[in-house]
Amino acid sequence: RKIGATQSTIVAYNVPTGPIGASAFLSVAAQCTAVPLDPGITEADAFEALTSCGVTIVALFRDTGGTDEIEKAATKANIPIKWYVIAGKNKPAGWFSPEREEVSPSGFSQLPLVNAANGIGLLLRTSGT
């Protein structure tokens, strides 16, 4: 909700290594649909993944590498990009937060955002081979 996501949102993100990658997947898939992208993906492949999966928000982690090509592809596809920062050493492993939170005019609902019981938690694009 802090980036304007709803249950129907499809979020693609660069997968950082370590606990952040695991935490990012669990955070997204529990609330909407996750489309994890390899940080080494090319712009062309990122564009294909974003458009074929119907991605509505791209989340990128600052200072993790592998964001340039995804950022270019998202811009080309006119998909909004939300930036995340990884917490410093004083926070638990896997802790991250949005660089800028979005607040609707009515504020956030007090109800938790959770994926529907029959919702899609994960979309993976494979090579098909």
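Where does Thr9 lie relative to β1 (10-14)? I looked there to start. Thr9 sits in the segment before that strand. I keep in mind throughout that this is a predicted model.

**Entry 1: Thr9**

Next I followed its side chain. The side chain of Thr9 reaches the backbone nitrogen of Thr6, at 2.8 Å. Then I listed its neighbours, leaving out residues up to four places away in sequence. Thr9 touches Gly4, Cys32, Thr33, Thr56 and Ile57. I note that Ile57 belongs to β3.

**Entry 2: the whole chain**

I stepped back to the fold. The protein chain has three helices and five strands. I read them along the sequence as β-α-β-α-β-α-β-β. The chain holds 129 residues, and 33% of them are buried. I then looked at contacts between residues at least 6 apart in sequence. Of these, 65% join residues at least 24 apart. The exposed surface comes to about 7,500 Å². Carbon and sulfur atoms supply 55% of that area.

**Entry 3: the sheet**

In what order do the five strands lie in the sheet? I traced β2-β1-β3-β4-β5. The sheet is open, and its pairing is mixed. β2 and β5 are the edge strands, each pairing on one side only. From one strand to the next, the twist averages 30°.

I went through the pairs I could trace.

- β1 and β2 run parallel, joined by five bridges. Val11 has Ala34 of β2 as its bridge partner.
- β1 and β3 are also parallel, over three bridges. Here Tyr13 is bridged to Ala59 of β3.
- β3 and β4 pair in the parallel sense over four bridges. Phe61 has Tyr84 of β4 as its bridge partner.

A reminder to myself: strands of a sheet pair through backbone hydrogen bonds, either parallel or antiparallel.

**Entry 4: β3**

How many of the five residues of β3 are buried? I counted five of five, and the strand is mostly covered. I sorted the side chains by direction. Ile57, Ala59 and Phe61 point one way from β3. Val58 and Leu60 point the other way, and these are buried too. Two of the bridge partners above lie in this strand: Ala59, paired with Tyr13, and Phe61, paired with Tyr84.

**Entry 5: α1**

I moved on to the helices. Helix α1 covers residues 19-29. Its buried residues are Ile20, Gly21, Ala24, Val28 and Ala29. They span an arc of only 145° around the axis, which puts them on the same side of α1. I recall the geometry behind this kind of spacing: an α-helix has 3.6 residues a turn, so residues three or four places apart point the same way. What covers the buried residues of α1? I found that the cover includes β1, β2 (33-37), β3 (57-61), β4 (81-86) and β5 (96-98).

**Entry 6: α2**

Helix α2 runs over residues 43-52, with Ala46, Ala49 and Leu50 buried. Down the axis of α2, these buried residues fall within an arc of 95°, so they line one face of the helix. They pack against β1, β2, β3 and α3 (68-76). I also checked the backbone at the end of the helix. Just after α2 comes Gly54, with a positive phi of about 65°.

**Entry 7: α3**

In α3, I found Ile70, Ala73 and Ala74 buried. Their arc is 100° when seen down the axis of α3, so they line one face of the helix. Which exposed residues does the face turned away from the buried side of α3 carry? I noted Asp68, Thr75 and Lys76 there. The cover over the buried residues of α3 includes β1, β2, α2, β3 and β4. After α3 comes Asn78, whose phi is positive, near 60°.

**Entry 8: where this leaves me**

I return to the picture as a whole. The sheet has five strands. β1, β2 and β3 are among the elements covering the buried residues of α1.

Conventions: Residues are numbered from 1 along each chain as its sequence is written. This is a predicted model: local features need pLDDT of at least 70, side-chain atom pairs count only at pLDDT 80 or more; totals for chains, interfaces and linings use all residues. Side-chain values use heavy atoms; hydrogens and water are left out. Buried means under 20% relative accessible area, exposed over 50%, partly exposed in between (1.4 Å probe, protein chains only). Contact means heavy atoms within 4.5 Å. Accessible areas come from the Shrake-Rupley method with a 1.4 Å probe; for residues, only the protein chains shown count as cover. A polar contact is a pair of N or O atoms within 3.5 Å; within protein, one must be able to donate a hydrogen and the other to accept it, and residues adjacent in sequence count only if both atoms are side-chain atoms. The arc is that of the directions from the helix axis to the C-beta atoms. Two strands pair if DSSP finds at least two bridges between them. Axes are lines fitted to C-alpha atoms, for helices over the stretch in contact, and angles run from 0 to 180 degrees between N-to-C directions.
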